[in-house]
Each structure stands twice: as C-alpha cells, then as structure tokens.
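Keep the 3D view open as you read.

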Amino acid sequence: MEYLVTMTTRVPDGTTEREVAEVRAREAPSRELAARGRLLRLWRPTLGPGAWRSIGLFDDDGPDALEHTLAGMPLRVWRTDVPVGLGPHPADPGRGAVAVAADGDEYPVTFTEEEPPGTGTADPAGSRQVRALATAGRLVRLWTLPDRGRVIGLWQASGADRPREIAHALAVAGPGPVDTVPLARHPSDPAQVT
C-alpha cells in the first residue's frame, strides 16, 4: 500500500550544530529504503526557520510495517510523522508511467470528485482528460484519500501552468476546495539520486 507521509522535524533548543550534523549524517537509510522499494519519492515544502518538513511517498505492507520503516530513520528522534493511506484510483497512470521532469515543479493537488447527476458514481477524474494529461507529462499519479470522494494527484508543471488550473480544466473539482502545495526537490529524492 502506498502512503503519503508528512514528516516534520523540530530540533530541540540547545542542540548543537555538531549533534544535528551527526544525526543528519545517519540519514543514509533513505537510500536503502529507496533501494528496497519502500521510499518512492521525497520532497520539501517550505516551512519556517528552526523546523524541517519533508513529504515522502512510501510503499509498505500496512500501517505496522510503515511505522517500523519510519521508526528506523535517524531523524525520527526529533520528528513527528503523519501518514495518510492512499487508495488506488481507476484513472491513475500508474507507477513509473509518467517520467519525472528534471526541470518541472511538482504539486500534490487535493480535490473532491464530482458525481455526475443521476449516476450515483463519480467520474474517474475525467478519464480521457486524465490520460491526455498523463501523456503530456502533467499528471504523474492519482490516488483516492480516506475521506469519501477526496482525491489527490501528483502534478508536474512549469512556467505558467498551474495544477489548480489543470484540475479545473478536468471539470472534476466538486464544490469543495482545491488544495495545492508547491514542493521543492529533496536531495535524497529517489527520482533525483542516481
């Protein structure tokens, strides 16, 4: 099962730079986790001074296995993890189907799928439009969230393209909000590390 995990690290007051460097130096397990197929992607959203936040896409055998994986990472001593289980979505392009652009920006976009009137079922995110956006390299992945009808997609865009505009162009965003979070590449992102 895939999980999106927000990992927030707050270094305690009085911790020396040397202690921080020692703990960070032990972060090599992210490479090992990627090699074992547990850590799929890693990003950094912006956060205020004195704290670090990373968002990771993990693949593990369930909540207990994920907890074991996260507990084995050295920064866990100062970190709070918030995992969200990701469900399969029928319009997901699939892992590895869309190449990660070296120069593009990435955004998780969360929205509510709209139920077409009288059908009782949600349109799987405008399947034809989704396939076209995946073919164009805009939509990397698409999952369902535990909240009924909520969906999260991983989009990549550059220049004037914005994921919110893409989601609206799909005509799948329902009456709820469309949440977009800009992500910066993490130096340990398995898609970047060679």
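What follows goes from the chain as a whole to its cores, its cavity and one arginine.

First, a caveat: this is a predicted model. The protein chain has five helices and nine strands. Reading from the N terminus, the elements go β-α-α-β-β-α-β-β-α-β-β-α-β-β. Of the 194 residues in the chain, 43% are buried. If you take the contacts between residues at least 6 apart in sequence, 73% of them link residues at least 24 apart.

Now for the inside. As a rule, in soluble globular proteins nonpolar side chains tend to be buried together. Here the largest nonpolar core has 14 residues, and L4, W43, L57, L86, W143 and I152 are the ones with the most contacts inside it. Which strands each supply at least two residues of this core? They are strand 2, strand 3 (51-59), strand 6 (139-144) and strand 7 (150-157). There's also another core lying apart from this one, with 12 residues, including Y107, V130, L139 and V178.

Setting aside neighbours within four places in sequence, L4 is in contact with W43, I55, G56, L57, V82, P83, V84, L86 and I152.

Rolling a probe the size of a water molecule over the atoms shows where empty space is left. In this structure there is one cavity of 30 Å³ or more, and the volume of the largest cavity is about 40 Å³. Its lining consists of L4, W43, I55, P108, W143, L154 and L183. By type, that lining splits into seven nonpolar residues, no polar ones and no charged ones.

Finally, have a look at R41, which sits in strand 2 (residues 39-44). Is R41 buried or exposed? Buried, because its relative accessibility is 6%, and the cut-off for buried is under 20%. Beyond its neighbours within four places in sequence, R41 is in contact with I55, G56, L57, V100, E106, L154, R185, D189, P190 and A191. The R41 side chain makes a polar contact with the side chain of E106, at 2.6 Å. As for G56, which is 15 residues from R41 along the chain, the two C-alpha atoms are 5.6 Å apart.

Notes:
Residues are numbered from 1 along each chain as its sequence is written. This is a predicted model: local features need pLDDT of at least 70, side-chain atom pairs count only at pLDDT 80 or more; totals for chains, interfaces and linings use all residues. Side-chain values use heavy atoms; hydrogens and water are left out. On a 1 Å grid over the protein atoms alone, a cavity is a set of points where a 1.4 Å probe fits but cannot get out, and a pocket is an open set with protein on both sides within 12 Å along at least five of seven lines; lining residues have an atom within 4 Å of a point. Grid points are joined across faces, edges and corners, and a volume is the space filled by probe spheres set on the points. Ala, Val, Leu, Ile, Met, Phe, Trp, Tyr, Cys and Pro count as nonpolar, Asp, Glu, Lys and Arg as charged, and the others, Gly among them, as polar. Helices (H or I, at least four residues) and strands (E, at least two) are DSSP runs, numbered from the N terminus. Buried means under 20% relative accessible area, exposed over 50%, partly exposed in between (1.4 Å probe, protein chains only). Contact means heavy atoms within 4.5 Å. A polar contact is a pair of N or O atoms within 3.5 Å; within protein, one must be able to donate a hydrogen and the other to accept it, and residues adjacent in sequence count only if both atoms are side-chain atoms. A nonpolar core is a set of buried Ala, Val, Leu, Ile, Met, Phe, Trp, Tyr and Cys residues joined through side-chain atoms within 4.5 Å.
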